[in-house]
Amino acid sequence: MGTSAVNSGEQMDRQTRILDAAMDLLSRHGISGVSMRAVAREAGVALGLVNYYYDDKTTLIRAALRRVDEHDVALVAPDPSLAPDEQLRAALRRVAGADLLTTRYLSLRLHLWALAQADEDYAQINAAAFDRYIDGLATLVSNANPGLSWEACRERGAEIVVIQNGVWLTALLGVDKASIERSIARTEQIAFAPAPD
């Protein structure tokens, strides 16, 4: 393996560690707990390296928002190995995955949502991410229920998101698994309801 490939891999690892550290600090302490120095300490890298990858705290938070956006889009990514209805069911169940129903992840979501309410730049990133997620859900709904118009698929996607966000928010309160299962079943009812006459 060439030196440039190793260096590129090391750079990606460092940049990932820095972003992971920022997201971890954000989930534990909110925006006030994220400083370039704190991120460097948490990531175990020099402050100069954090500044090399990210101009300031704002660009670091933007990168965190984009990482969450990528993760959300992956939740609704089609799986060509499954039939359309199974792809949709799998996506609807992913939001209740053990990796998402953690205090760290849910706290991070809450902080990012709050930032989107407080800052126009973050709000735009969040709104674009929300649209991509709804489009992903709508595509899965459309593939599984081809008799629906695109508008109806997006409406169903938006209705599903309300329930999914409720699952995430109430999971912090220790809601039992049976309640989460009922919520997932409700999203399936919404997604698979026949087209109105």
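Mentor: The discussion below takes the terms one by one and sets each against its criterion. Please keep in mind that this is a predicted model.

Trainee: Why is helix 4 called roughly parallel to helix 7?

Mentor: Two packed helices are described by the angle between their axes and the distance between the axes. For helix 4 and helix 7 the angle is about 10 degrees, and the axes are 9 Å apart. Angles under 35 degrees count as roughly parallel, so helix 4 is roughly parallel to helix 7.

Trainee: Which residues make that contact between helix 4 and helix 7?

Mentor: On the side of helix 4 they include Ile-61, Leu-65, Asp-69 and Asp-72, and on the side of helix 7 they include Tyr-122, Ile-125, Ala-129 and Tyr-133. By class, the contact has eight nonpolar, one polar and six charged residues.

Trainee: Why are helix 8 and helix 9 called roughly antiparallel?

Mentor: Helix 8 and helix 9 pack at an angle of about 175 degrees, with their axes 9 Å apart. Angles over 145 degrees count as roughly antiparallel, and the two helices are therefore described in that way. In this contact, Arg-156, Glu-159, Ile-160, Ile-163 and Val-167 of helix 8 meet residues of helix 9, among them Ile-180, Arg-186 and Phe-192. The residues of the contact divide into seven nonpolar, two polar and three charged.

Trainee: How is it known where empty space is left?

Mentor: Rolling a probe the size of a water molecule over the atoms shows where such space is left. The largest pocket found here has a volume of about 290 Å³. It is lined by 17 residues, of which the closest to its centre are Asp-72, Arg-109, Trp-113, Asn-126 and Phe-130.

Trainee: Which helices supply the lining of the largest pocket?

Mentor: Helix 4, helix 6, helix 7 and helix 8 each supply at least two residues of the lining. The largest share, five residues, comes from helix 7. By class, the lining has 11 nonpolar, three polar and three charged residues.

Trainee: How does Asn-145 stand against the criterion for buried residues?

Mentor: Asn-145 is found in the loop between helix 7 and helix 8. At 12% relative accessibility it falls under the cut-off of 20%, so Asn-145 counts as buried. Not counting residues up to four places away in sequence, Asn-145 touches Arg-156, Ala-191, Phe-192, Ala-193 and Pro-194.

Trainee: What separates the C-alpha atoms of Asn-145 and Asp-85?

Mentor: These C-alpha atoms are separated by 8.0 Å, whereas Asn-145 and Asp-85 are 60 residues apart along the chain.

Key: Residues are numbered from 1 along each chain as its sequence is written. This is a predicted model: local features need pLDDT of at least 70, side-chain atom pairs count only at pLDDT 80 or more; totals for chains, interfaces and linings use all residues. Side-chain values use heavy atoms; hydrogens and water are left out. On a 1 Å grid over the protein atoms alone, a cavity is a set of points where a 1.4 Å probe fits but cannot get out, and a pocket is an open set with protein on both sides within 12 Å along at least five of seven lines; lining residues have an atom within 4 Å of a point. Grid points are joined across faces, edges and corners, and a volume is the space filled by probe spheres set on the points. Helices (H or I, at least four residues) and strands (E, at least two) are DSSP runs, numbered from the N terminus. Ala, Val, Leu, Ile, Met, Phe, Trp, Tyr, Cys and Pro count as nonpolar, Asp, Glu, Lys and Arg as charged, and the others, Gly among them, as polar. Axes are lines fitted to C-alpha atoms, for helices over the stretch in contact, and angles run from 0 to 180 degrees between N-to-C directions. Angles under 35 degrees count as roughly parallel, over 145 as roughly antiparallel, 65 to 115 as roughly perpendicular and the rest as oblique. Contact means heavy atoms within 4.5 Å. Buried means under 20% relative accessible area, exposed over 50%, partly exposed in between (1.4 Å probe, protein chains only).
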